[in-house]
Amino acid sequence: MHIPDGFLSARVALGYAALSSLGIGVACYRLRSESDRGQSALLGVSAAFVFAAQMVNFPVVAGTSGHLVGSALAAALLGLPGALIVMTAVLIVQCLVFADGGVFALGANVFNLGLVGCVVGYCCYRLLCGRAPSSTRRVAAVAFAGWCATLAGALSCASQLALSGTARLPVVLPALLGVHALIGLGEAVISALVVATVLRFRPELLERAANGGLEARAPASAVLAGLGLSVAVAALLGPLAYAAPDGFAHVMQSLGLRASAQPSPLAPLSEYGIPGVVSGVLATVLAGCFGTLLLFGLCWLLARALVPRPARASDAEAPRVAVESSG
Amino acid sequence: MSAVHRAPAPLKLGVGLALILGLAALPAERAWWGLWALPLLVLVAFLARLSIVGLLRRLALAVPFLLGVVSLAWFRPHGLEIALGLLIKASLSLFTLQILASTTPISDIVRTLRRMHVPEVLCDAIALLARYSTVLADEALRMRRARAGRTLRASRVHWWRVLGNSVGLLFVRTVSRAERIQVAMRSRGGA
């Protein structure tokens, strides 16, 4: 998702560069005011960690492969301002040393992968964690946050390409969101595994990261927060109900299949729409909401599988031993 | 070390950025004007004694994304023209950036950033990242070798689990390394 040079118009690139520098400025200010500068080594070496972790490739469908971005993971491990600095450092080095992602598009890339990724990831993570999270809840939260952050980054990338006039939004948005919904799954699984491992060896690191950012307004339950977030994601998907058939029709037109294909793009939508809901937009939103909730449930199951039982063994250990010995 | 390598970093960054900015400002229909910069770039690459094959190979790494976006641009009125223009602009910018990146050491870049009053926290992070990325890559390699020595083979589910475990362990080791570095810095009178 690193945008190379040449795809963004000058106005868009400069505008996003300004937005990103504003965000970095705020992050630097918060870091300076809150810590005793004792964190500089941690941030630098963590940046090297994210850099190394991004080299991990995993297969996505049809021969393409995705790699970890790690903005939500960094936000969970280092807190919001620290994660933003770390992601920015990684992107600058990738751009200027490895020519990965454009130098003129750097502002836009920092915005997508750094600012949007960290803020969305951190907010999801804190919202789902609540005030005194169990290990399972932390792992589930970081998995879901990783998926949301990837999708949000793709959304912002698509809108930049569309604003620059490189591609039309109805074409580029479904393409990018579709691929990144899959890449986000890999991101979610790896983030969850990493946090589960860190919880096993150095659980205090996650406590510390939580103190260095916004204070969470602990919601009533993880389920409620998950519901709210999935509604938010679904609201983002709403425009797709308009966009997808339009983009599809356009592809058909440019391929010269206009005459025969004209009525068909709309037909499946009305067929798969939920009965009683007339509007295609609403149907897509509901479907998106359902999908996100399903994903949230999967994250929870993953977390249950990853976090070993002894995590809350203090009160459960004795009775279980008794039962086993009697049986 | 060629003359291009020795040239001051701010000058190189400035010229490179100006060229890329110029390319970005070209309208898509006039993108082939950018090809005038190609002889200049080839000349600089020749002066810097960079291997053209190496540059092309790294250019090829970015091709999937380039082609992906270019093919999306196709679905517009005058799509072919715009797609070709985008391809020219993007490849030329990438070529410029590659020459810039392979002739400018990271220490010069950090020094330039500091002179541009980029916040100190960010500069420190970049400097440490440049220094420790190879150290951590070596550490990851050692961990993988140790794991390969202990495990016979892995199923697909196991593969994910091992992957996540080793990345997590790498973070734990990263933090303890950072703590040691912090102590070392402080005992030498640093931050």
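The following legends describe close-up views of a predicted model. Residues are numbered from 1 along each chain as its sequence is written, and chains are lettered from A in the order in which they are written. In this predicted model, local features need pLDDT of at least 70 and side-chain atom pairs count only at pLDDT 80 or more, whereas totals for chains, interfaces and linings use all residues.

**View 1. Chain A.** Chain A comprises 13 helices and 2 strands (DSSP runs numbered from the N terminus: helices H or I of at least four residues, strands E of at least two). Of its 327 residues, 52% count as buried (20 or more other C-beta atoms within 10 Å of the residue's own, with C-beta atoms placed from the backbone).

**View 2. The side of chain A that touches chain B.** In contact are 62 residues of chain A and 60 residues of chain B (C-beta atoms, placed from the backbone, within 7 Å). Helices H1 (10-34), H2 (40-53), H4 (80-98), H7 (169-201) and H9 (222-254) of chain A each supply at least two residues of this side of chain A. The largest share, 13 residues, comes from H2(A).

**View 3. Helix H2(A) against helix H9(B).** The axes of H2(A) and H9(B) (residues 156-187) come within 8 Å and cross at roughly 150 degrees (lines fitted to C-alpha atoms over the stretch in contact, with angles from 0 to 180 degrees between N-to-C directions). H2(A) is therefore roughly antiparallel to H9(B) (angles over 145 degrees). Residues of H2(A), including Val45(A) and Phe49(A), meet residues of H9(B), among them Phe171(B), Arg177(B) and Ile181(B).

Technical notes: Two residues are in contact if their C-beta atoms, placed from the backbone, lie within 7 Å. Angles under 35 degrees count as roughly parallel, over 145 as roughly antiparallel, 65 to 115 as roughly perpendicular and the rest as oblique. A residue is buried if 20 or more other C-beta atoms lie within 10 Å of its own, exposed if 12 or fewer, and partly exposed in between; C-beta atoms are placed from the backbone.
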